[in-house]
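Subject: Structure handover

Hello,

Here is the structure for your files, with the sequence alongside. My notes on what was found in it follow below.

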Amino acid sequence: MAPLPPLSLLEARVLGVLVEKQHTVPDTYPLTLNALVSGCNQKTSRDPVIEASEAEVQAAIDRLKGLSLVMETSGGRVMRYSQNVGKVLAIPPQSVALLAVLFLRGPQTVGELRINSERLHRFGDILSVQAFLEELAERREGALVRELARAPGARETRWAHLVSGEPPEPAAAAQPHAEAAHVPAVGEIATLKARIDRLESELQSLRDKVEKLSAALGES
């Protein structure tokens with residue numbers, strides 16, 4: 001298998017959106033160009049948040065089609081697009097889900113990946129997520145993910161995808177000598193993160209329902 005050439009941030013984002021929407025809004029999948037643009041520019045569950053134009057997304061789709069990572073479907077009033085990541089990279093659905101979340105949200109810890117991939121694939125525990133990540137990192141045809149060095153002050157390491165090349169190393173902690181800084185307890189952080197994740201999930205669920213309703217009304 002020939003090595004995959006590096007993908008741009010937008011190309012990886014397009015793939016991530018296609019994998020995500022295939023699971024979250026199956027009734028409107030494959031996606032139209034408009035739906036893909038909306039998914040790429042989504043404000044929630046995205047890091048970094050981007051503002052890609054329709055022409056830029058179309059250019060990304062065209063390159064991904066050339067790599068067989070995206071397939072075009074004709075029929076109806078508009079062209080629709082679907083992803084072919086698992087077949088091209090010869091990886092299972094669990095690994096496709098993890099890559100998609102990394103494409104959409106950037107580097108994450110194993111625990112974050114388990115939570116954020118729940119709507120794409122429900123992993124039984126953190127150990128199963130770790131196992132699939134290690135499999136992607138030790139892939140004979142070339143690693144697709146890498147465990148980053150632990151950031152200063154961090155309790156856990158994060159994982160990043162390598163589809164767009166080597167990720168930057170974690171930045172050094174700013175002003176480590178600052179006094180009187182409030183350091184939230186682990187319980188506080190976990191509670192806040194769970195609340196944010198729940199709110200993001202609820203908001204995205206509403207967005208998906210609106211998108212599905214728009215498609216049913218013929219507005220896609």
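Which residue does the side chain of Glu166 meet in a salt bridge? The partner is Arg146, with an N to O distance of 2.8 Å. Please keep in mind throughout that this is a predicted model.

Salt bridges

The Glu166 and Arg146 pair links distant parts of the chain, 20 residues apart. Glu166 sits in the loop between β5 (159-161) and α8 (186-216), while Arg146 belongs to strand β4 (residues 145-147). Glu166 has a relative accessible area of 58%, so it is exposed. Arg146, at 23% relative accessibility, counts as partly exposed.

In total the structure holds 12 salt bridges. One of them joins the side chains of Arg139 and Glu141, at 3.8 Å from N to O. Here Arg139 counts as buried because its relative accessibility is 13%, and the cut-off for buried is under 20%. Glu141 has 34% relative accessibility and therefore counts as partly exposed.

Another salt bridge is formed by the side chains of Glu72 and Lys65, at 3.1 Å from N to O. Both ends of this pair are partly exposed: Glu72 has 40% relative accessibility, and Lys65 has a relative accessible area of 29%. There is also a network of salt bridges, which links Glu20, Lys21, Arg46, Arg119 and Asp208.

The three-stranded sheet

The strands of an open sheet of three run in the order β1-β3-β2, with antiparallel pairing. β1 and β2 are the edge strands, each pairing on one side only. Helix α1 packs on this sheet and touches β1, β2 and β3; its direction makes about 90° with that of β3. Helix α3 lies across β2 and β3 and runs at about 105° to β2.

How many bridges join β2 to β3? There are four between β2 (residues 70-73) and β3, whereas two bridges join β1 (residues 31-32) to β3 (residues 80-83).

Met71 is found in strand β2, and its bridge partner in β3 is Ser82. Leaving out residues up to four places away in sequence, Met71 touches Arg80, Tyr81, Ser82, Gln83 and Asn84. The C-alpha atoms of Met71 and Gln83 are separated by 6.2 Å, although these residues are 12 apart along the chain. With 38% relative accessibility, Met71 counts as partly exposed.

In soluble globular proteins, nonpolar side chains tend to be buried together. In this model the largest nonpolar core has 48 residues, of which Val14, Leu36 and Val57 touch the most other members. Two or more residues come from each of these elements: α1 (9-24), α2 (33-40), α3 (54-66), α4 (85-89), α5 (93-105), α6 (110-116) and α7 (126-137). α5 gives the largest share, nine residues.

Which residues is Val57 in contact with, leaving aside its neighbours within four places in sequence? They are Leu10, Val14, Leu33, Leu36, Val37 and Ala52.

Helix α5

Is α5 largely enclosed or exposed, and why? It is largely enclosed by the rest of the structure, because 11 of its 13 residues are buried. The buried residues run through Ser95, Val96, Ala97, Leu98, Leu99, Ala100, Val101, Leu102, Phe103, Leu104 and Arg105. From its first C-alpha to its last, α5 reaches 18 Å, close to the 18 Å expected at 1.5 Å a residue. After α5 comes Gly106, whose phi is positive, near 80°.

Regards

Technical notes:
Residues are numbered from 1 along each chain as its sequence is written. This is a predicted model: local features need pLDDT of at least 70, side-chain atom pairs count only at pLDDT 80 or more; totals for chains, interfaces and linings use all residues. Side-chain values use heavy atoms; hydrogens and water are left out. A nonpolar core is a set of buried Ala, Val, Leu, Ile, Met, Phe, Trp, Tyr and Cys residues joined through side-chain atoms within 4.5 Å. Buried means under 20% relative accessible area, exposed over 50%, partly exposed in between (1.4 Å probe, protein chains only). Contact means heavy atoms within 4.5 Å. Two strands pair if DSSP finds at least two bridges between them. The expected span of a helix is 1.5 Å times one less than its number of residues. A salt bridge is a side-chain nitrogen of Lys or Arg within 4 Å of a carboxyl oxygen of Asp or Glu. Axes are lines fitted to C-alpha atoms, for helices over the stretch in contact, and angles run from 0 to 180 degrees between N-to-C directions.
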